[in-house]
Amino acid sequence: MKKLNIKAYLKPHCGWSKGVRAIMDKYRLEYQEIDIINYPENYAEMVEKSGQSLSPCVEIDGAMLADVSGEEVENYLLSRNLVEANTHEASAPISRGCTDKEHASMQSQTIRFF
């Protein structure tokens, strides 16, 4: 398989972002993680490239997948034969946001939304 150029526009604490990371790990893909919360210029770049403000967004070899789950990223990769299917378990749920418990644990952390 050829090496993919992947940029993932992610939030540090987000169930959807964790799902994207889990897919990258499952397929052992190298990718550039771009923090859109702590760096407003990264958020602005994501919005400019994707044409919308929701995350995660994942750019794979120039194709932008906007507002996607890990499951959608996995389906994209498999349907285009960019990765080979495997039986490895994802390290996190790949198709859900944060639970109420996870949101509660983040309340004491400083998180900025732009």
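Helix α1 meets helix α3 through G19, V20, I23, M24 and K26 on one side and G70, V73, E74 and L77 on the other. Contact here means heavy atoms within 4.5 Å. By class, this contact has five nonpolar, two polar and two charged residues. Ala, Val, Leu, Ile, Met, Phe, Trp, Tyr, Cys and Pro count as nonpolar, Asp, Glu, Lys and Arg as charged, and the others, Gly among them, as polar. Helix α1 spans residues 15–26 and helix α3 residues 70–79. Their axes come within 7 Å and cross at roughly 35°. Axes are lines fitted to C-alpha atoms, for helices over the stretch in contact, and angles run from 0 to 180 degrees between N-to-C directions. Helices (H or I, at least four residues) and strands (E, at least two) are DSSP runs, numbered from the N terminus.

This is a predicted model: local features need pLDDT of at least 70, side-chain atom pairs count only at pLDDT 80 or more, and totals for chains, interfaces and linings use all residues. Residues are numbered from 1 along each chain as its sequence is written, and side-chain values use heavy atoms, with hydrogens and water left out.

E74 and K26 join their side chains in a salt bridge, 2.8 Å from N to O. The pair links distant parts of the chain, with E74 in α3 and K26 in α1, 48 residues apart. A salt bridge is a side-chain nitrogen of Lys or Arg within 4 Å of a carboxyl oxygen of Asp or Glu. E74 is buried, at 9% relative accessible area. K26 is buried too, at 14%. Buried means under 20% relative accessible area, exposed over 50%, and partly exposed in between (1.4 Å probe, protein chains only).

Side chains of opposite charge can pair when their charged atoms come close. The count comes to five salt bridges. One of them joins E30 to K3, with the closest N and O atoms 3.2 Å apart. E30 sits in the loop between α1 and β2, K3 in the segment before β1 (6–10), and 27 residues separate them. E30 is exposed, at 57% relative accessibility. K3 is exposed as well, at 64%.

Another salt bridge pairs K49 with E59, at 2.9 Å between the closest N and O atoms. K49 belongs to helix α2 and E59 to strand β3, ten residues apart. K49 is partly exposed, at 36%, while E59 is buried, at 15%. Salt bridges that share partners join E45, K49 and E59 into one network.

Now turn to D35, in strand β2 (residues 32–35). D35 is buried yet has no salt bridge. The nearest side chain of opposite charge, R21, is 7.5 Å away. Lys and Arg count as positive and Asp and Glu as negative; His and the chain ends are not counted. A polar atom of the D35 side chain lies 2.8 Å from the backbone nitrogen of I37. Leaving aside neighbours within four places in sequence, D35 is in contact with L10, P12 and N42.

The loops hold some backbone details. The peptide bond from S55 to P56 is cis, with omega near 5°. P56 lies in the loop between α2 (40–50) and β3 (57–60). R28, in the loop between α1 and β2, has a phi near 50°, a positive value in a residue other than glycine. R28 is exposed, at 65% relative accessibility. N81 also has a positive phi, near 55°. N81 is found in the loop between α3 and α4 (100–106) and is exposed, at 58%.

Terms used: A polar contact is a pair of N or O atoms within 3.5 Å; within protein, one must be able to donate a hydrogen and the other to accept it, and residues adjacent in sequence count only if both atoms are side-chain atoms.
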